[in-house]
Amino acid sequence: MGQLADWIGELTHPAFIMWGEQDSLIPISVGQRFYREIAHNEFISFSGLVHVPHEEAP
């Protein structure tokens, strides 16, 4: 995650995090970390989808 990991917890704007549970490029554990560290957010994961769930199942 590189530099992003250094400041992700400082975000104050609301965030909507969506993740494909089968993402092999960036694992769902990264999305779950974002969920834990960003103060105001919603997190949703999609079973059977990979890296771009918003395009795979609009």
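Q: What does contact mean here?
A: Contact means heavy atoms within 4.5 Å. In this predicted model, 68% of the contacts between residues at least 6 apart in sequence join residues at least 24 apart.

Q: Which elements are in the chain, and how do they run from the N terminus?
A: The order is α-β-α-β-α, with three helices and two strands in the chain.

Q: How much of the chain counts as buried?
A: Of its 58 residues, 21%.

Q: And what box do the C-alpha atoms fill?
A: Roughly 30 × 20 × 15 Å, taken along the principal axes.

Q: Which residues make the nonpolar surface patch?
A: Phe16, Met18 and Ile44 make a patch of about 260 Å².

Q: Where is Phe16 found?
A: Phe16 sits in strand S1, which covers residues 15-20.

Q: Is Phe16 buried or exposed?
A: Exposed, because its relative accessible area is 53% and the cut-off for exposed is over 50%.

Q: Changing topic: how many salt bridges does the count come to?
A: One salt bridge. The side chains of Arg33 and Glu37 meet in it, at 2.7 Å from N to O.

Q: How are Arg33 and Glu37 placed in helix H2?
A: They are four residues apart in H2 (residues 28-37), so about one helical turn separates Arg33 and Glu37.

Q: What is the relative accessible area of each?
A: Arg33 is partly exposed at 27%, and Glu37 is partly exposed at 29%.

Notes
Residues are numbered from 1 along each chain as its sequence is written. This is a predicted model: local features need pLDDT of at least 70, side-chain atom pairs count only at pLDDT 80 or more; totals for chains, interfaces and linings use all residues. Side-chain values use heavy atoms; hydrogens and water are left out. Buried means under 20% relative accessible area, exposed over 50%, partly exposed in between (1.4 Å probe, protein chains only). Patches are made of residues with over 30% relative accessible area and no salt bridge: like charges are joined within 9 Å, nonpolar side chains (Val, Leu, Ile, Met, Phe, Trp, Tyr) within 5 Å. Accessible areas come from the Shrake-Rupley method with a 1.4 Å probe; for residues, only the protein chains shown count as cover. A salt bridge is a side-chain nitrogen of Lys or Arg within 4 Å of a carboxyl oxygen of Asp or Glu.
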